[in-house]
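Please look over the notes below with the model open.

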Amino acid sequence: MASLVKTLRKRGDWVLVLPPWGRLYHWQSPHVHQVRIPWGEFFSITSLQAIVPVIEYEEFIAESGGPFIDQVLVLQNYAEGWTDGIWEEKVDEQPCIDRQVYTKDKQNYYRGWFWGYEETRALNVTCLSAQGHASILAPYLQNNISATSVMLDRAETVLHDHYAGRDYWDTRRSMVFAKHLRMIGDQFRATYLNSTDEQDHTPYAEDWTRMRTTLGSARGGPYLGVHLRRKDFIWGHREDVPSLKGAAKKIRSLMLEKLFVATDAEDEELEKLKTMLPEMIRYEPSREDLEILKDGGVAIIDQWICAHARYFIGTSVSTFSFRIHEEREILGFDPKTTYNRFCGDDEKECEQPTHWKIVRS
């Protein structure tokens with residue numbers, strides 16, 4: 001969406017409104033209120049501003065004069081799929097394929113899930129079939145929309161314009177974790193993992209545009225960083241996820257001076273894992289700290305600690321592990337210490353991403 005806004009700003013003063021966080025599947029702490037969370041709780045707004053102008057949703061409400069969104073565009077795929085099996089980029093207003101999640105109230109406003117802001121209403125809702133990269137939305141928005149505020153729902157329908165290119169990485173690097181979360185992670189590293197930026201060769205610049213690293217320059221703390229995904233992955237990706245015994249065996253084969261584990265395992269599984277890996281260290285906030293940090297903040301602290309490990313192993317197809325991979329690239333770690341994954345117990349040949357070769361034509 002940042003890339004789309006860049007394109008839109010060539011012909012207008014567009015601003016990206018950051019939708020509040022909340023109600024994610026992974027956030028399961030029952031006693032913590034986790035809706036209407038501003039981006040500033042998790043990321044540096046100043047850093048994001050270096051890519052495109054951004055504002056929090058609360059700022060949008062204040063500047064627009066109330067909790068109203070002029071136009072909601074619900075993105076969807078084409079019901080007929082690719083026409084004649086031919087891929088082409090296109091956008092069309094079409095009838096909604098899925099059951100609408102927005103309903104009209106007595107005042108003819110549209111109500112729906114707006115990140116926990118029950119007072120938010122939309123004036124218009126339209127379904128838009130889209131096929132292609134995000135930039136294909138730009139002409140439609142510029143030529144067909146006169147509304148002051150537009151919300152794109154189901155934005156994952158379109159593709160990134162420059163995935164893995166310069167634009168992608170600049171945007172990704174701008175997503176700097178909030179300073180208070182990084183400080184907690186750094187303090188934990190120093191206290192329990194004998195890890196500091198100076199010792200680990202991981203100097204960090206607050207201004208990401210001035211941060212320069214080369215692959216292999218980072219050494220990392222004297223510990224093994226592990227992300228072991230459990231819960232729904234146990235049945236949803238059973239071929240890629242090892243048993244606890246299999247995971248413990250793999251971890252043992254990689255052991256360094258210390259071991260840090262980030263996992264969503266249930267308490268019963270954690271107890272079993274602890275008996276197999278008694279030296280295991282985890283970040284476990286107090287109930288009071290969790291109320292402040294939220295599950296999202298704890299996840300970022302886990303990622304930050306794993307990102308500084310001398311060697312990291314993650315879970316296949318896990319977005320959580322992917323984000324750690326990216327942080328490690330930004331910090332300057334050798335890919336061989338980064339792109340490693342657990343194998344399922346029944347995998348005969350477990351290909352490791354770190355062994356992939358890029359062939360340039």
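1. Arg229 counts as buried, since its relative accessibility is 6% and the cut-off is under 20%. This is a predicted model. The side chain of Arg229 meets that of Asp264 in a salt bridge, 2.5 Å from N to O. Arg229 sits in the loop between S9 and helix H8 (233–236), and Asp264 in the loop between strand S10 (258–263) and helix H10 (267–276), so the pair ties together parts 35 residues apart in sequence.

2. Arg230 forms a salt bridge with Glu269; the closest N and O atoms are 2.9 Å apart. Arg230 lies in the loop between S9 and H8, whereas Glu269 belongs to helix H10, so this pair ties together parts that are 39 residues apart in sequence. Both ends are buried: Arg230 has a relative accessible area of 4%, and Glu269 has 18%.

3. Helix H10 also holds a pair of its own. The side chains of Lys272 and Glu268 meet in a salt bridge at 3.9 Å, N to O. These two residues are four apart in helix H10, so about one helical turn separates them. An α-helix has 3.6 residues a turn, so residues three or four places apart point the same way. Lys272 is partly exposed, at 44% relative accessible area. Glu268 is exposed, at 59%.

4. How many salt bridges does a search of the whole structure find? The count is 22. Salt bridges with shared partners join Arg172, Arg323, Glu326 and Glu327 into one network. Two of these names return in the next point: Glu326 and Glu327 are among the buried residues of H12.

5. Which residues of H12 are buried? They are Ser321, Ile324, His325, Glu326, Glu327, Arg328, Ile330 and Leu331. Their cover includes helix H5 (166–174) and strand S9 (221–228). Helix H11 (287–307) and strand S12 (309–313) are also among the covering elements.

6. The length of H12 checks out. Helix H12 runs over residues 319–331, 13 residues in total, and at 1.5 Å a residue it should span 18 Å. Its end C-alpha atoms are 19 Å apart, which agrees.

7. At the start, a side-chain oxygen of Ser318 reaches to within 3.3 Å of the backbone nitrogen of Phe320. After the helix comes Gly332, with a positive phi near 100°.

Methods:
Residues numbered from 1 in each chain as written. Predicted model: local features only at pLDDT ≥ 70, side-chain atom pairs only at ≥ 80, totals over all residues. Heavy atoms only, no water. Expected span 1.5 Å × (residues − 1). Buried < 20%, exposed > 50% of the residue type's maximum accessible area, 1.4 Å probe, protein only. Contact = heavy atoms within 4.5 Å. Polar contact = N/O pair within 3.5 Å; in protein donor to acceptor, adjacent residues only side chain to side chain. Salt bridge = Lys/Arg side-chain N within 4 Å of Asp/Glu carboxyl O.
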